[in-house]
Amino acid sequence: MSTTDQQVRLKIYERTSSLRADGQRAFVHPADAPGRFLTARRVGFAILIAIWAALPWVQIGGRPAVFLHVESRRFFLFGGSFDASSFWLVFFLLTGVLFSLVITTTMLGRVWCGWACPQTVFLEGVFRRIERVFEGNRNERMARDHAPLSLGKFWRRTGKHIAYLLAAFLISHMFVAYFVSLPSLLQMMTRSPAEHPYAFAWCTTVGLILYGNFAWFREQLCLIVCPYGRMQSVLLDDDSLVVGYDEKRGEPRKKGKPVEGESRGDCIDCNRCVVVCPTGIDIRNGLQVDCIACTQCIDACDEVMDKVKKPRGLIRYDSLRGLRGEGRKFIRPRFFFYLAIGTVLATVGIFAIRTHTDVEARLLRVRGMPYIVADGQVRNTFELHLVNDSDEQRTFGVHSSLSHVEGEVLIGDGGEHTLDIPPWTDRRVFVVVRAPVSQFTPGIVHIDVQVGDEHVLREAPVLGPTPHREESEESHERQEE
């Protein structure tokens, strides 16, 4: 390729993006590109939005499938119930999601960005479709941008932004439903905002942020704000699945009808792949950080190839190695490395979740002296903290025993104790161990907390003066005299 051609290609690259070379934004109006990938993505968007909207409504075990009740610090996830003390388990959930994203990117490229990211799902599945209803196709939208203000332009733009606001506030209310019970949310929506200012403020703030994002900021969130787009250069390799252009087959690209004896590739330089791109890039310039792998350029190019009677696949899903004609290696060292790490993380996470219980018991020595001697007895005082982390009332049976020490254990007002603890609450009970000074030897108190078939065992040392210590103290006193 000559220096002149390289300069031309560079100029084209600089202007085929939503950010110009001088840093100013070029507002993108992607054209429609009907095809098999667009149909599949729209079906996927509809399914994802339906699942997201349904989770607060679907009941599992009498509770919403996903409900994060921050006010009471209770969290319900697909039948499991947790309180703030169990929130550490979210670490395994977030780690699993992040690690899955890393593996998916390494193997399948930016399929998350193009097919499942909420930014893409709502922008392409809701807001761009609203835009097309009110303002038409790409050419009509661009012409209207440069046309003077008229009655038709005014009512179309006004109607579009009203629809944007309605969609944004609907999404914000659905989002708040994850944190406020649905009956409460419906009640709030029918009453004055002054009666629930915090919920109203949250809905309004989230709705306005969504409106600003989807009405104006759009692809800039992916290019400027989202760190995942910057991470892809580290995660991708030559065997990762990407949306790419087959340069060996397409170059040299030329417009018009072929001339006999002319050397040219299959690309007719129609720029159809550029005008359908939601980030305004030219996929023919190679793998770029702006590409979200939405596959619209594949549908557009396949449509053109059909018209010019050439095989599809000039732009396709493939690896960089495959686009160079060298084949693709799915099984590679990185795959086994990620598999090993994933196995370890999954094992630890499953163990933590399976060993997690909604019944807790803590036996702690009360503050102050570790023991007291009074009326010929040694007394050790503990506090038994019982926690019911479930969403139903539980009966706690508390039983005690002593090892290596002769004495008695008083739990609350008796030796044995039974407590009915309401859901998501706790109780504190004093445990007193008494033993005669004359027969005292250090020992251990055992507390067995039984809830149904589940047992929680706790123990603590019983302290006090020993005969050896008493003799040492008496000898020390005689030496001083």
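**Notebook: salt bridges, cores and confidence**

I began with the charged side chains and found E131, E135, R141, R144, D145, R157, K160 and R218 linked in a network of salt bridges. For a salt bridge I took a side-chain nitrogen of Lys or Arg within 4 Å of a carboxyl oxygen of Asp or Glu.

I noted the ground rules next. This is a predicted model, where local features need pLDDT of at least 70 and side-chain atom pairs count only at pLDDT 80 or more, while totals for chains, interfaces and linings use all residues. Residues are numbered from 1 along each chain as its sequence is written, and side-chain values use heavy atoms, with hydrogens and water left out.

**Confidence**

I looked up pLDDT, the predictor's confidence in each residue from 0 to 100. The chain has a mean of 85, and 92% of its residues reach 70 or more. Residues 1-15 have pLDDT below 50, and this stretch has 12 contacts in the model beyond near neighbours in sequence. I count a contact when heavy atoms lie within 4.5 Å. Residues 469-479 also stay under 50, with 4 contacts beyond four places in sequence. Where pLDDT is low, the predicted coordinates should not be read in detail.

**Salt bridges, pair by pair**

I searched the whole structure and got 30 salt bridges. One of them joins D246 to R316, with the closest N and O atoms 3.1 Å apart. This pair links distant parts of the chain, 70 residues apart: D246 sits in the loop between strand 6 (242-245) and helix 12 (247-250), and R316 in strand 7 (residues 315-318). I use DSSP runs numbered from the N terminus, with helices (H or I) of at least four residues and strands (E) of at least two.

I then checked burial (buried is under 20% relative accessible area, exposed over 50%, partly exposed in between; 1.4 Å probe, protein chains only). D246 is buried at 11%. R316 is partly exposed at 21%.

I moved on to E383 and R428, whose closest N and O atoms are 3.2 Å apart in a salt bridge. E383 lies in strand 10 (residues 377-388) and R428 in strand 14 (residues 425-436), so the pair ties together parts 45 residues apart in sequence. E383 is partly exposed at 22%, whereas R428 is exposed at 52%.

I also logged R253 with E251, a salt bridge of 3.0 Å from N to O. R253 is buried at 14%.

**Cores**

Which residues have the most contacts inside the largest nonpolar core? I found L386 and V445, in a core of 27 residues. A nonpolar core here is a set of buried Ala, Val, Leu, Ile, Met, Phe, Trp, Tyr and Cys residues joined through side-chain atoms within 4.5 Å. Elements giving two or more residues to this core include strand 8 (359-365), strand 10, strand 14 and strand 15 (443-451). I listed the residues that V445 touches, leaving out those up to four places away in sequence; among them are L363, F382, V409, V433 and V462. A second, separate core of 18 residues includes V274, C277, A293 and L314.

**Surface**

F154 is in helix 7 (residues 151-176) and is partly exposed at 49%.
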